[in-house]
Amino acid sequence: MKAVAVFPEEHALRLVEHREPAILAPGDVVVRVLEVGFCGIDREIASFRTGSAPPDSPYLILGHEALGEVVEVGSAVRRIRPGDLVVPTVRRPCRHETCRACRMGRPDFCLSGQYTQRGIKEAHGFLAERFSDDARWLQPVPRELRDVGVLTQPLALAETAIAELEQVQKRLPWAALGETGGAGKRAVVLGAGPVALLGTMALVVRGYKVTIYSSGGRGEKAEFAESLGAQFVSAEEEKLDSLVDRTGRIDVMLEATGATPEALAAMEHLGRNGVYLLTGIPGRRGAFTLDAGYLLHGMVQRNQVIIGPAHPSAEAYRSAIQDLALFSRRWPGALPRLISSRMSIEEAPGAFRKPAIGLKRIVVVAE
Ligand SMILES: [Zn+2]
Ligand SMILES: [Zn+2]
């Protein structure tokens with residue numbers, strides 16, 4: 001079958017003929033891939049800056065954001081049936097007996113760091129005609145989400161951050177009075193890519209007043225944000241301190257820029273008891289400096305919390321699937337607009353190397 005693979009040693013990226021997946025254990029499932037989304041991590045793997053092949057393979061099959069249809073299940077699989085739509089999670093457990101997290105089926109909290117990630121780290125991804133996996137790593141998706149289910153993984157990144165935010169907010173004295181959720185709170189989303197816009201939707205449905213603050217100018221993304229009831233402010237037009245003066249205290253910042261220096265420095269404008277949520281990984285583009293002493297002093301003085309990019313749990317994927325259904329009812333037609341272009345698997349190797357344009361690009365592997 002066809003697959004798109006990167007050869008880290010050769011510095012090559014091309015279509016390969018890969019062996020067909022099969023049911024090797026009673027818990028296995030074979031999935032026919034329908035669509036695969038790609039993001040900044042894929043572009044970094046495609047330019048050989050990150051990513052590693054499985055130990056027994058000269059190449060790594062790309063793709064970690066997938067939607068597929070089940071074609072075959074092992075004898076022990078009950079929860080999933082042939083014909084079901086599914087989204088696979090990305091991280092798989094390490095082999096260490098002493099890693100409590102992985103032994104509990106929670107590689108999102110892996111202690112050894114020797115987990116694998118499909119399409120990223122030592123395990124093949126999903127940009128192939130078919131793949132197999134243990135059923136426990138597959139989340140069922142309702143048929144009505146067929147056109148947008150490929151957005152589950154990027155939304156799960158925001159869902160993870162928001163779930164951790166809700167944990168942290170429980171420390172506030174008024175949480176005990178039942179005042180939880182986003183009502184009366186203000187959030188600033190830094191960035192305007194797919195994770196930022198999906199995160200905006202997730203915050204708006206929880207009652208937050210959301211402002212998207214983006215380095216780019218107004219345009220399609222601004223119009224999209226406003227159609228959700230969020231505000232869009234371009235950094236070209238207004239400084240963040242003036243935005244805070246105008247709108248009031250920021251309770252939450254959701255960083256979805258890939259952790260640019262500007263987005264990290266924005267933390268200085270977070271309000272008292274505020275929470276700064278990172279979804280990107282700083283330093284991927286190289287080293288930069290920030291006045292850490294100044295920023296940390298402010299964080300301690302203002303009782304703030306920074307939460308790092310926790311890897312999504314199965315629970316975060318389930319929340320993402322529920323929220324996609326909710327967003328589809330609340331904003332009919334909005335989610336499909338986040339998918340800016342579709343291409344075939346043959347076109348994918350060339351597209352991975354090009355810079356990001358527009359919103360989410362997806363590869364249509366099968367109809
Ligand atoms: Zn991604
Ligand atoms: Zn582990």
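Author: Thr89 sits in the loop that joins β6 (85-88) to β7 (91-92). The model is a predicted one, and every value below is computed from it. The relative accessible area of Thr89 is 6%. Buried means under 20%, so Thr89 counts as buried. Neighbours within four places in sequence aside, Thr89 is in contact with Phe126, Trp137 and Tyr317.

The whole structure holds 4 aromatic pairs. One of them joins Phe7 and Tyr59, with 5.2 Å from centre to centre and 50 degrees between the planes, and it is tilted. Phe7 belongs to strand β1 (residues 2-7) and Tyr59 to the loop between α1 and β4, so the pair links distant parts of the chain, 52 residues apart. Both Phe7 and Tyr59 are buried. Phe126, the contact of Thr89, pairs with Phe131: the ring centres are 4.6 Å apart and the planes stand at 50 degrees, so this pair is tilted. In general, a pair of aromatic rings is described by the distance of the centres and the angle of the planes. Phe126 has a relative accessible area of 0% and is therefore buried. Phe131 has 3%, so it is buried too.

Next comes helix α1, where Ile45 lies. Its relative accessibility is 2%, so Ile45 counts as buried. Apart from neighbours within four places in sequence, the residues in contact with Ile45 are Val6, Thr50, Gly51, Leu60, Leu62, Gly119 and Ile120. In sequence Ile45 and Arg353 are 308 residues apart, yet their C-alpha atoms are 9.6 Å apart in space.

Cys39 (SG), His64 (NE2) and Glu65 (OE) coordinate the zinc ion (ligand 1), at 2.0 to 2.2 Å. Along the sequence, the spacing of these donor residues is C-x24-H-E. Cys39 is in the loop between β3 (28-38) and α1 (40-46), while His64 is in the loop between β4 (60-61) and β5 (65-73), so the pair ties together parts that are 25 residues apart in sequence. Cys39 and His64 are both buried.

Of the 12 residues of α4, 11 are buried, so the helix is mostly covered by the cut-off already given. The buried residues include Pro194, Leu197, Gly199, Met201 and Val204. After α4 comes Gly207, with a positive phi near 100 degrees.

As a general rule, most residues other than glycine have a negative phi, and most peptide bonds are trans. His11 has a phi near 55 degrees, a positive value in a residue other than glycine. His11 is placed in the loop between β1 and β2 (12-17). The relative accessible area of His11 is 52%, so this residue is exposed. Asn273 is not a glycine either, and its phi is positive, about 60 degrees. Asn273 lies in the loop between α7 (261-265) and β16 (275-278). With a relative accessible area of 28%, Asn273 is partly exposed.

Last, the chain as a whole. The protein chain has 11 helices and 19 strands. For 367 residues, a compact globule would have a radius of gyration near 21 Å, and the chain has 21 Å, which agrees. Along the principal axes, the C-alpha atoms fill a box of roughly 60 × 45 × 40 Å. Of the 367 residues, 54% count as buried. Among contacts between residues at least 6 apart in sequence, 68% join residues at least 24 apart. The chain exposes about 16600 Å², and carbon and sulfur atoms supply 52% of that area.

How values were computed
Residues are numbered from 1 along each chain as its sequence is written. Chains are lettered from A and ligands numbered from 1 in the order in which they are written. This is a predicted model: local features need pLDDT of at least 70, side-chain atom pairs count only at pLDDT 80 or more; totals for chains, interfaces and linings use all residues. Side-chain values use heavy atoms; hydrogens and water are left out. Donors are N, O and S atoms within 2.8 Å of the metal (3.2 Å for Na, K and Ca); water is not among the atoms, so sites may look incomplete. Helices (H or I, at least four residues) and strands (E, at least two) are DSSP runs, numbered from the N terminus. Buried means under 20% relative accessible area, exposed over 50%, partly exposed in between (1.4 Å probe, protein chains only). The radius of gyration is taken over C-alpha atoms; the globule rule is 2.2 Å times the number of residues to the power 0.38. Contact means heavy atoms within 4.5 Å. Accessible areas come from the Shrake-Rupley method with a 1.4 Å probe; for residues, only the protein chains shown count as cover. Rings of Phe, Tyr and Trp (its six-membered ring) pair if their centres lie within 6.5 Å; planes under 30 degrees apart count as stacked, over 60 as edge-to-face and the rest as tilted.
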